[in-house]
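Hello,

Here is the structure I promised to pass on. Have a look at it first, and then read my notes on its aromatic residues and its core below.

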Amino acid sequence: MDTEEDWNQLLKWLKEFEVIVLYDYHVNSANPIIQSYREATLKAYLYRFQKNEIKICLA
């Protein structure tokens, strides 16, 4: 997501679904920098979803 508008469009679309299932979300990497980036990105997405009352299931 590049802009706040991108986020708003995605969140509006996701609200049409009862539950969003995320699969293969594991962030394991041998490179610690990539590992940290992936973890931070996943946390940011989950935070945004939770903040906007989008139900998430991690599979």
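A word on helices first: they are DSSP runs (H or I, at least four residues), numbered from the N terminus. Please keep in mind that this is a predicted model, where local features need pLDDT of at least 70 and side-chain atom pairs count only at pLDDT 80 or more, while totals for chains, interfaces and linings use all residues. Residues are numbered from 1 along each chain as its sequence is written, and side-chain values use heavy atoms, with hydrogens and water left out.

Now the rings. Those of Phe, Tyr and Trp (its six-membered ring) pair if their centres lie within 6.5 Å; planes under 30 degrees apart are called stacked, over 60 edge-to-face, and the rest tilted. Searching the whole structure gives 4 aromatic pairs. One of them joins Trp-13 and Phe-17 edge-to-face, at 5.0 Å centre to centre with 75° between the planes. Tyr-45 and Phe-49 also pair edge-to-face, at 6.0 Å and 85°; both sit in helix α2 (residues 32-51), 4 residues apart, or about one turn of the helix.

As for burial (buried is under 20% relative accessible area, exposed over 50%, partly exposed in between, with a 1.4 Å probe and protein chains only), Phe-49 is buried at 5%, whereas Tyr-45 is partly exposed at 29%. Trp-13 is partly exposed too, at 47%, as is Phe-17 at 41%.

Finally, Leu-11 touches Arg-48, Phe-49, Asn-52 and Ile-54, leaving aside residues up to four places away in sequence (contact means heavy atoms within 4.5 Å).

Best wishes

How values were computed: Helices (H or I, at least four residues) and strands (E, at least two) are DSSP runs, numbered from the N terminus.
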